[in-house]
Amino acid sequence: MHPLGEKYLRKNALPLLWCPGCGNGTILNATVRAIENLGIRDRLALVGGIGCSGWIPVYIDADTLHVLHGRAIPFATGLKMSDPNRKVIVFSGDGDCLGIGGNHFIHGARRNIDITVIMVHNQIYGMTGGQVAPTTPTASKTKTSPYGNPEMPFNGCELARASGATYVARWTTAHPRQLSKAIAEAIDHQGFSFVEVLTQCPTQAGRVIHGTADPAKLLDMIKANTISANAAKDKSAEELAGKFLIGTLHHDTQRPEFAGYYYEKIHKAAAAN
Amino acid sequence: MGQEVNNEKVKILQGNEAIVEAAVAAGCRFFAGYPITPASEVAETMAQRLPQVGGVFMQMEDEIASICATIGASFGGLKACTASSGPGISLKQEGVGYASAVEAPIVVINVMRGGPATGMPTAVGQQDIMQAKYGSHGDYEIIALMPSSCQEAFDLTYKAFELSEHYRVPVYVLSDEIVGHTREKVRIPANLSPVERKKPAKENFQPYKAQANGLLDGMPGFNEGYRLLIDGQLHDEQGNRAAHLPDVCARLTERLCRKISDHADQLVDIESSYLEDAEIIVVSFGSPSRPSLRAVKDARAKGIKAGYLKLRIIWPFPETKLVELTAGARTLIVPELNIGRVVNEVKRAVGGQKEVVGLSKLGGLLHTPGEIQAEIERRAQACTR
Amino acid sequence: MVIIDELYCKGCYLCSHYCPKKIIKPSGKRNGKGYIIPCIAEPEECTKCKTCELICPELALTVEEGAN
């Protein structure tokens with residue numbers, strides 16, 4: 001085990017429950033590096049939703065709440081508002097965050113509450129066996145879209161930005177170095193920060209949508225379907241069709257953060273009482 | 001507002017406001033809610049009052065978010081509360097189950113209105129009593145208190161926080177639209193000293209290692225050095241998932257239930273009058289308690305040996321005490337604002353040993369004293385015939 | 001030097017695929033869980049770029065400083 005694994009993982013919870021080649025472990029790996037670099041272990045409050053990615057924080061030996069499907073952001077809101085000094089990180093899958101938890105997601109972003117949401121985007125409901133997700137590409141065949149997905153997928157980053165998130169980034173698990181840096185930036189940011197991670201799911205999305213369970217092949221496909229936000233500036237709409245922009249997509253340090261703003265009012269009200 | 005006499009403040013408060021004053025007095029410093037009739041005044045008053053004592057009020061995006069934020073704040077270190085009614089309470093049920101499983105102390109205020117569905121938003125009901133006990137999936141136990149006046153709204157909400165913290169369980173205050181919207185005199189003791197959360201020892205700490213009585217010892221918070229793992233999946237004593245371990249899961253489920261049911265004797269809160277020679281006893285709870293007491297007094301004036309009970313804690317159901325208190329009676333009358341739910345609990349408790357009569361009232365109106373008295377007289381005549 | 005923790009490796013070979021020098025190869029040896037674990041076929045070629053360490057989903061790889 002890597003020394004950072006020795007330092008940050010709950011030994012009695014190992015081995016990690018994910019399938020071989022699953023990207024969730026790479027995200028865990030990137031997260032512990034971000035935590036190490038920021039030196040904030042004792043201020044952390046970690047919240048996991050339901051689904052494969054919801055288990056990421058369960059393995060990190062800090063304070064962890066593993067909650068209900070879709071509700072990670074409200075639990076995180078309670079944790080943040082009960083002590084504004086803590087740094088709260090939510091790990092949520094695309095179904096957890098954009099499907100059942102979509103309303104909480106847009107309202108968390110609207111408030112600009114200082115919570116970091118790391119959304120693991122694997123195009124499918126993996127833990128339940130490969131059903132169509134809010135991020136599944138149109139026409140993809142899954143267990144619950146056997147004739148091809150008739151729906152359009154969500155763009156999580158655009159939704160986050162439009163809803164009021166003040167830090168938005170997207171990377172893939174093929175970019176672990178950049179991913180770890182983005183997670184650190186997101187945690188450090190004062191406001192609602194959103195990091196979308198495009199990742200391979202060999203067992204479900206791989207077999208069901210892409211016809212291969214080879215994690216490396218899948219990750220290559222994901223990587224090939226991205227373009228850096230900078231490079232995209234010079235491209236036409238046709239050239240960008242179907243591509244995911246990667247990089248820091250939005251960073252606003254001006255908008256007031258909710259907990260700080262509200263606590264000022266609370267302090268005033270308490271002093272006047 | 002109000003005046004202080006003999007170490008107590010006397011205020012004219014709405015039931016919903018009394019709940020807030022009690023919560024603040026009990027040390028509640030976090031509330032998350034969503035507007036809904038007839039509970040909105042709880043949120044409105046919390047929004048005003050909590051910041052004055054350094055607390056946080058959150059209006060969340062929905063009812064589900066409200067209870068989830070409440071649980072988050074509870075583990076965040078604050079005594080925490082949410083409130084709603086009817087459809088909102090239905091939406092919160094998954095959160096109630098989660099709080100039960102992870103043993104989060106929270107208080108859930110239900111200002112009951114008529115249902116089902118949108119039902120009767122501005123009219124009273126007591127149709128959520130079974131929901132309070134059974135509303136979420138899986139086996140668990142909760143505690144539920146039922147005020148019948150603004151004073152009891154204060155007293156029982158205060159008590160709800162103490163019980164919730166002691167048993168580390170969600171506690172319901174099953175108030176109702178009548179109590180919530182009645183304004184009357186409330187005496188608030190000036191020298192209340194709510195119990196502070198006890199912090200577990202850090203040496204050999206295990207978040208779900210219970211004491212011999214089934215209860216967890218204290219309530220740890222996030223960022224206090226415990227490195228907590230709190231998981232809604234059934235877990236072992238360290239908090240690790242245990243859904244693949246039948247013995248561990250069975251033991252936890254049983255403990256979650258028995259930590260309440262084993263202490264049922266300590267969770268009895270019953271008021272009574274005229275029981276000594278009573279042949280017919282009205283077993284009441286919540287708003288119908290008030291016309292019940294009037295009816296019993298009026299029946300007594302007519303020479304009928306009527307008695308009165310008010311169950312202030314409805315869950316766990318006080319069956320042992322109820323049997324003891326009603327031992328001399330021939331008939332029990334159970335007025336309730338639903339199709340007849342608690343009457344079955346009373347029947348089960350007395351085990352066919354006496355006549356148990358339901359007096360169900362639907363439609364959003366409270367029983368009149370006359371209606372209850374008429375039932376008492378009918379039963380009295382049936383006995384003498 | 002690259003250390004592979006055989007206890008945690010699940011044999012996914014992402015390390016091998018993304019190694020810019022392509023020096024991580026199957027060892028032919030199975031660990032206790034039945035996964036064929038990789039080995040560093042040409043350690044002297046390693047540039048210590050740490051890509052393998054960063055991408056490993058099991059945190060089972062460690063690139064140590066010093067001589068290969």
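Which pair of chains has the most contacts among the 2 pairs that touch? Select chains A and B: the most contacts are between these two. Here, two residues are in contact if their C-beta atoms, placed from the backbone, lie within 7 Å.

A word on what is loaded: this is a predicted model, in which local features need pLDDT of at least 70, side-chain atom pairs count only at pLDDT 80 or more, and totals for chains, interfaces and linings use all residues. Residues are numbered from 1 along each chain as its sequence is written, with chains lettered from A and ligands numbered from 1 in the order in which they are written.

**Stop 1: chain C against chain A.** Select chain C, where 19 residues are in contact with 20 residues of chain A. Helix H1 (14-18), helix H2 (51-55) and strand S4 (61-63) of chain C each give two or more residues to this side; helices (H or I, at least four residues) and strands (E, at least two) are DSSP runs, numbered from the N terminus. H2(C) gives the most, with 3 residues.

**Stop 2: chains B and C.** Show these two together: chain B and chain C do not touch, and their nearest C-alpha atoms are 19 Å apart.

**Stop 3: inside chain B.** Colour domain 1 (3-189) and domain 2 (270-384) of chain B separately; the bounds come from an automatic or database domain assignment. Their centres, taken over C-alpha atoms, are separated by 27 Å. The contact takes 24 residues from domain 1 of chain B and 19 residues from domain 2 of chain B. On the domain 1 side, finish with H6(B), which supplies the largest share, 4 residues.
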